[in-house]
Protein chains: 4
Amino acid sequence: MTLTPSDLTAIIRQGVPASEGSGFLVETVEAGGVLCRLPFNPQQIRPGGTLSGPTMMTLADAAMYAAVMAQLGRLEMAVTQSFNINFLSRPAQADLLARAEILKLGRRTVVLDVKIFSEGSPVVVAHATGTYSLPPAGRE
Amino acid sequence: MTLTPSDLTAIIRQGVPASEGSGFLVETVEAGGVLCRLPFNPQQIRPGGTLSGPTMMTLADAAMYAAVMAQLGRLEMAVTQSFNINFLSRPAQADLLARAEILKLGRRTVVLDVKIFSEGSPVVVAHATGTYSLPPAGRE
Amino acid sequence: MTLTPSDLTAIIRQGVPASEGSGFLVETVEAGGVLCRLPFNPQQIRPGGTLSGPTMMTLADAAMYAAVMAQLGRLEMAVTQSFNINFLSRPAQADLLARAEILKLGRRTVVLDVKIFSEGSPVVVAHATGTYSLPPAGRE
Amino acid sequence: MTLTPSDLTAIIRQGVPASEGSGFLVETVEAGGVLCRLPFNPQQIRPGGTLSGPTMMTLADAAMYAAVMAQLGRLEMAVTQSFNINFLSRPAQADLLARAEILKLGRRTVVLDVKIFSEGSPVVVAHATGTYSLPPAGRE
């Protein structure tokens, strides 16, 4: 059964407490990936007008998790194994969009790439890659 | 002026919104690093009894930021430039301790290493490395 | 003065000893990046028929260096600051192609992304990101 | 059967072509890790007197591979899954020493940490972390 964007949003808000209350949502399911949104929240702004690193890490990780489940179905036991992020530009004071794409779909792991943008701008503000570890089949 | 653990705790809780309300605190300032604590919170538990990745990413990033300021003083404009984490073991249902150490103190960047443990266990549950970018001197 | 693919090939073969003798070459300079080639060499094959990790790391790093100089001109003092790679699929027994793209062009650093393919296949066999540190202007 | 440092050196020189001819050797097997040496070679020096990034990546990867086999025995099908390195200081014109330590020994993966030093100096010149993927048991 294919999960819809709102199914994915609900599973992630429930399973990743840091995304709850943030307004995080999965906007669209695309071929091999998803597009997610984090609404702008002035309370997340750090001194100097930038967003905190963990805000974007949390968004990127949640977008990867959504892309894994959009591809493989509800897999609550999938967990992040490794995660790497580069912060590139200061985001605008606008919603953040995160596009997660599956680079490799293996039996044991999924490797993904996430690009984060400010809504209305093509500039990549952060770029993450990560590996999700899948539960052994039949053990869920 | 040297910042005390409670100075650092206050600056970080104010500057990194994701750490506010979590009970995050800097416990001790050590030579070239800091030891931080994230109190156990049953609401952070994911399905399967594990902590979410972003909870540990946020802790690791905050511990790095504390180590930078313990060394260099109040530097609110220091920002994460890159961050890498490997999740190694499922943490126990206990407080998490994060030890951040400075690997390189440069003029423009600080490179750090963080090991996260469950209180009462020597097992490293996550290992992170990251680079903080320093503001140009005199421009703060 | 813009560097041509053969200028870039010559600078890299001279400056990165590990690429000398490998047949590494910059094929084309593209908007914001380069396409490089590493000819297939049966002597690089590991047990099990795969290429060694360092062969692809060396290719990815050289492609990043070429992309930096294609953009900024001859900059022999530019050095890798951080580098991350995920190995995705076993490459075919064919030439490797590496496409490096600049994600961020800063004053002090350049952040890049590299995708490695086997010639004749669209599958990404390895994906790398890295940061090059630029020499302070005028100090070269 | 436990592999000695010279067994490990021979397996790696044979299996990782980039390490052949470099003089790479495993010096000692330690609890949970290994210490390796890369002899100084003036031909590896880049403009500006520094070593190329790939030279240190190759050393770090080979040290991880040695640590995996020191722990688990001859495992030629173990391959690098992900690799991350930060370059910290310019190495001296001296042999490089690389200490690899196992951070996590799982059934499917081994996560390791490598610190690289110039002989005679305590300064870490590069710090790497990586994940080796193990072959499924019985399939070697």
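Predicted model: local features only at pLDDT ≥ 70, side-chain atom pairs only at ≥ 80, totals over all residues.
In strand E5 of chain C, the bridge partner of C:Leu97 is C:Phe117. Residues are numbered from 1 along each chain as its sequence is written, and chains are lettered from A and ligands numbered from 1 in the order in which they are written. Helices (H or I, at least four residues) and strands (E, at least two) are DSSP runs, numbered from the N terminus.

**The strands of chain C**

Strands E4 (residues 96-105) and E5 of chain C pair in the antiparallel sense over nine bridges; two strands pair if DSSP finds at least two bridges between them. A hairpin of three residues takes the chain from E4(C) to E5(C). On to strand E6 (residues 124-133) of chain C, E5(C) is again joined by nine bridges, and the two run antiparallel.

How many of the 10 residues of E5(C) are buried? Nine of them are, so E5(C) is largely enclosed by the rest of the structure. Buried here means that 20 or more other C-beta atoms lie within 10 Å of the residue's own; with 12 or fewer it is exposed, and in between it is partly exposed, the C-beta atoms being placed from the backbone.

**A hairpin in chain A**

Strand E1 (residues 25-30) and strand E2 (residues 33-38) of chain A are antiparallel partners over five bridges. Within this pairing, A:Thr28 has A:Leu35 of E2(A) as its bridge partner. The hairpin of E1(A) and E2(A) has two residues between the strands, and A:Gly32 in the turn has a positive phi of about 75°.

**Helices of chains B and D**

Helix H2 (residues 53-72) of chain D has 20 residues, which at 1.5 Å a residue should span 28 Å; the end C-alpha atoms are 29 Å apart, which agrees. The expected span is 1.5 Å times one less than the number of residues. Helix H2 (residues 53-72) of chain B also has 20 residues and reaches 29 Å from its first C-alpha to its last, close to the 28 Å expected. Of the 20 residues of H2(D), 18 are buried, so the helix is largely enclosed by the rest of the structure; H2(B) has 18 of 20 buried, so it too is largely enclosed. Just after H2(D) comes D:Gly73 with a positive phi of about 90°, and H2(B) is followed by B:Gly73, whose phi is positive, near 90°.

In helix H1 (residues 5-15) of chain D, the buried residues are D:Leu8, D:Thr9, D:Ile12 and D:Gly15. They cover an arc of only 150° around the axis, which puts them on the same side of H1(D); the arc is that of the directions from the helix axis to the C-beta atoms. An α-helix has 3.6 residues a turn, so residues three or four places apart point the same way. The cover over these buried residues of H1(D) includes strand E1 (25-30) and H2 of chain D.

**Three residues to look at**

| Residue | C-beta neighbours inside 10 Å | Class |
|---|---|---|
| A:Met77 | 15 neighbours | partly exposed |
| A:Ala100 | 29 neighbours | buried |
| D:Ala31 | 7 neighbours | exposed |

A:Met77 sits in the loop between helix H2 (53-72) and strand E3 (79-87) of chain A. Its C-alpha is 6.0 Å from that of A:Pro135, 58 residues away along the chain. A:Ala100 belongs to strand E4 (residues 96-105) of chain A. Beyond its neighbours within four places in sequence, A:Ala100 has contacts that include A:Gly33, A:Ala63 and A:Leu112, where contact means C-beta atoms, placed from the backbone, within 7 Å. D:Ala31 lies in the loop between E1 and strand E2 (33-38) of chain D, and its C-alpha is 9.2 Å from that of D:Ile102, 71 residues apart in sequence.

**Chains A and D**

Four residues of chain D are in contact with four residues of chain A. The chain D side of this contact has no nonpolar, three polar and one charged residues. (Ala, Val, Leu, Ile, Met, Phe, Trp, Tyr, Cys and Pro count as nonpolar, Asp, Glu, Lys and Arg as charged, and the others, Gly among them, as polar.) A rotation of 180° with 0.0 Å of shift along its axis superposes chain D on chain A, with an RMSD of 0.0 Å. That is the relation of a two-fold axis; the superposition is by least squares on the C-alpha atoms of residues with pLDDT of at least 70 in both copies. Of the interface residues of chain D, 100% are also interface residues in chain A, so the copies meet through the same surface.

Conventions. Contact = placed C-beta atoms within 7 Å.
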